[in-house]
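Here are a few exercises to work through with the model open beside you. Try each task before reading its solution.

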Amino acid sequence: VTASEPRGRSFAVWILDDGLIMGGGQRFALRLAGVLGRSGIQTRLLAPADSALAEEARQRGLDVGDVRFPRLLPPALTKIPAALTPLRRELSRAAPSTVVIGNTARCQAYATAALLTLRRGPVLVHLMHEQDSANRRTARAVYRRFGALVAVGENAAQTYRERLPGVDVATVSNFLDMAEMCRIEAARTPPPNTGAPVVGVLARLIPEKGILELVEELSRIPDAWSSARIAAPPQNVEYTRAVRARIAALGLADRIHLLGEITDLDTYFSEVDVLVVPSVGNEGQPTVIIESILYGRPVIVRQHLWAARFGDLPISSYQTPEELAHALGHLPRVQLSAEELELRFGANELLDTLRHLGSGAASSLTVRPSYFDWHQEPGYYRDVTRHFAPTDRILDVGCGTAWIGDHFADYVGIDDSSEAVEQARARGRNAVVHSVDDRFPFEDGSFDGVVVKDLLEHVRDPAAVVREIRRVLRPNGRVFASSPDAQRWVWDDYTHLRPFTRVGYRRLFCDQRLAIDADGYESVMPGIGLISGLSRRRRRPWPLAELARLPWVRRNVWVLARRA
Amino acid sequence: MARPMAADPREALEDLVRELGLERADAQLSPVLDASHTELPLPYADASLDALVVAGPLERAEDPVAWARDIRRVLRPGSSVLAVAPDAGRWVWNDPLVRRPYTRKSLRLLFADHQFSVRSSGYRSLACVPAPLRVPLDLIPGRPRLTWVLALRL
C-alpha cells in the first residue's frame, strides 16, 4: 500500500474459514495469506481461535481474528445468532474495497447473512475449491444474488458455469509460493526407476479421494506397477478400515503400503516414480499435482480432474484400468523448472483477480440491488414458461431484464426502459426499447405466445395494450398476463397506476375478443421466489399456491387467454 | 344524527406541522395554491422556496414522478418539503377526484428516488378523538388516515 492511496480505498484481503479440517483449501488460504503479506497487502484470517488453522496462522505471524461458525443444522441452530453478531461487527469495520474470501461453504453462508444487513460492506468472494456446492440449491440461490464467484481449477469453474447460467465465474489456478517452488526444485531427486513404476498417492482417507477405487483398478493390472505407496491420514475411520480390508482380500498387502500421514515430502517423492490422483468426488485442482511436477514426477489424474490448461505438462488422465496401465507404461520424462511452472501456477493470476474484485470494476457486485434486479428470474419461473412450448416464438411485453428469453429459442422482449434493455442485452438476450403506448413494431399474427407480466398496472390504457397483443398473436396463439390484485400493497409502488381484480382482468381480455383458457390468483408473498427456487418443479409449492385464495395473502391476478 | 367520523384534514395537517416544529413566525407565505391544483409546472421560480407543504395534489396527480421533480425544482438546496397524502384503503375512493392513494413506503420512495433525503415519515389518523387516543389509531391500516413524509432537498 503506497502512502498516496487514500485510506478508504486501500486494498485488503480477509479470509474466513471454519477451521474444521486442515485440508487443501486451508493450506491454500495460508499460502495466499503469505503471498499477500509479502506483497504488503493487509491480510486477516477470521477462524475459530482453537482450530489447527488458526494455530498455524499465528505461528506464521498472521493477523488472526477469533470468529466461530457453528453448524447450520438443528442441534447447533441456537448458536447461530451468537456467532453472527461478532462476525457482523468484524465485517462492519472492513473498508468497502476490502475483499472478504469465504473459503468454505459454511463461511460463505455466514458471511452472506452478515453482509446482507450491512448498508455498505466489503466485497464478498466465494472461493470454490470443489464443485459440491454447485449441487446445493440453497448455495446456488446465494451465489446467484450475492458476492463474486472464483473457482480454483477449470473443471470446478465449468461446473459452476453450467449450474448458474448468467453468473460470472472467474477461474484461477491453484498455486505455490515461488520460494516453496524453488525449495522443492532444489530437493528434486532422480526417480527410483527399478522396472515397473512405484505408484504414489497423496490424499486423505475419505471416500471422495477414490483410494478404494484405485486399489480395485491396480488389482486388475498387476503387471503395470511394482508397488503403491499411499500417504493418507486416516480421516474417515470406516473408510480406512474398508480400504485395509479390501487390500488384504485382494492379497496385495505386500505391494500396497498405507503410510498414514507423512510430513517429509522430499523422502516420499524420492521413493515413487509417478503420482496418481484418483479422486472420484468433486475436486478443484489438488496442490499435489504441482508439487509432484516440481519433484520431477509425472502425474496421472482421473479423467474428470483433467483441464485443458494441463495440455503440455507431464500430466495424463485415465478412466479405465487399461488406460491407467497404458499411462503407467508411457511415463513422460519432462522436467520443468520452478520459473516455468510459475507462469502456470503462480500467485499472480489470483492476486490480479482479487485486486480487480476489490477495485471499482466490481463495485456493481456490492451495491444494493436496483429495481430491475428484483425482477430477475423468480424461483417459480416454470409457472410462467409452462404455458408455452420451448420452440414457440415469444413476445415479452415489459420484459425488464428479459429473463424469460433464457427459456425460448425464438424470443423478443420490449421495454420502455433503456437501462433495463441494456442490462438484458449485456446478458445476451434479445430485447428492444419500445414504449407500449405506441403500436408494437411487429406484424399481425407473428407470435405464438405473448407474456405480459407485471405490466398492465403501469400503463395508462391497458385495453389498448391488450388490443395490440391480440393483433400480433397468431390465431390460437396464447397470452399469459399477471398483475397485482386490488390489495393495499399495490400502492407501495408509486409507479403503479391501478390494480385489478380477477373479474376485471378477465373482462379486460374478453372485451378485446380473446378467449379465456384459465385464470386465478398467484401468491407473491415475500420470500416465495426463494422457496420456489428450492423446489424441483420450479413452481410455487402447492400449499403456498393455494394460500393465494385467501384475500389477505399478497397476490397477483393472472389470466391465460387465446386468440379465437 | 350526523356526526363527523373524521377530523378535517386541514386540522390534522396543522397539528402535524406544529408537532414537527415547522412553524416559523417570520415565514413569508407565498400564494397558497388550492388543493385541486393539478397543473404543472408550479407557478414558482426555480430554487425560490425555503419550505413547501404539499397536501392534496399528489393523490390527484396523473404522474407523481413529475410532481416530485417539479417540487425539487422550486425548492432551494437544503430546504424541506412536507408531503401528505391519503393512505391506501377503501375510504380513499369516497373522493371522486382521487386517482391514487399512497402508503408510507411509496411516499418515502417517491422522494428518496428523486434526490431528496427522507428525514421522517409516518401515519396520522383522521379519527375525531383526543390526541392520546389517536396515537394508537395512527398505526391501524384501513381506517381513514394520512401518510406523511418530511424530506430534505439535496
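Before we start: two strands pair if DSSP finds at least two bridges between them. Helices (H or I, at least four residues) and strands (E, at least two) are DSSP runs, numbered from the N terminus. This is a predicted model, where local features need pLDDT of at least 70, side-chain atom pairs count only at pLDDT 80 or more, and totals for chains, interfaces and linings use all residues. Residues are numbered from 1 along each chain as its sequence is written, chains are lettered from A and ligands numbered from 1 in the order in which they are written, and side-chain values use heavy atoms, with hydrogens and water left out.

**Exercise 1. Follow strand E2 of chain A into its sheet: what does it pair with, and over how many bridges?**

Step 1. Take one side. Strand E2(A), residues 42–47, pairs with E3(A) in the parallel sense over four bridges. On this side, Leu45(A) stands opposite Val64(A) of E3(A).

Step 2. Take the other side. E1(A) and E2(A) also run parallel, joined by five bridges. Here Val13(A) has Thr43(A) in E2(A) as its bridge partner.

Step 3. Check the surroundings. Five of the six residues of E2(A) are buried (under 20% relative accessible area; exposed is over 50%, partly exposed in between, with a 1.4 Å probe and protein chains only). That is why E2(A) is largely enclosed by the rest of the structure.

Step 4. Zoom out. The strands form an open sheet of seven, in the order E3-E2-E1-E4-E5-E6-E7 (chain A), with parallel pairing. Strands E3 (63–66) and E7 (169–172) of chain A are at the edges with a single partner strand each, so one side of each has no neighbour in the sheet. From one strand to the next, the twist averages 25° (axes are lines fitted to C-alpha atoms, for helices over the stretch in contact, and angles run from 0 to 180 degrees between N-to-C directions).

**Exercise 2. Work out how chain A meets chain B.**

Step 1. Count the contacts: eight residues of chain A touch 19 residues of chain B.

Step 2. Look at the area. About 1100 Å² is buried between the two chains, with carbon and sulfur atoms giving 54% of it; buried area is the accessible area (1.4 Å probe) that two parts lose on being put together, summed over both. On the chain A side, Arg488(A), Trp491(A) and Tyr494(A) lose the most, together 71% of what that side buries.

Step 3. Find the aromatic pairs (rings of Phe, Tyr and Trp, its six-membered ring, with centres within 6.5 Å; planes under 30 degrees apart are stacked, over 60 edge-to-face, the rest tilted). The whole structure has 12 of them over all chains. One of them is Trp491(A) with Trp93(B): tilted, 6.1 Å centre to centre, 50° between the planes. Trp491(A) sits in the loop between E18 (473–484) and H19 (502–510) of chain A and Trp93(B) in the loop between E2 (75–86) and H3 (104–112) of chain B, so this pair joins two chains.

Step 4. Compare burial. Trp491(A) is buried, at 5% relative accessible area, while Trp93(B) is partly exposed, at 44%.

**Exercise 3. Which backbone features stand out at Asn476(A), Arg538(A) and Pro41(B)?**

Step 1. Recall the rule: most residues other than glycine have a negative phi, and most peptide bonds are trans.

Step 2. Read phi. Asn476(A), in strand E18(A), has a positive value near 70°. Arg538(A) has one near 55°, and counts as buried at 17% relative accessibility.

Step 3. Read omega. Leu40(B) and Pro41(B) are joined by a cis peptide bond, with omega about 0°.

Key: Contact = heavy atoms within 4.5 Å.
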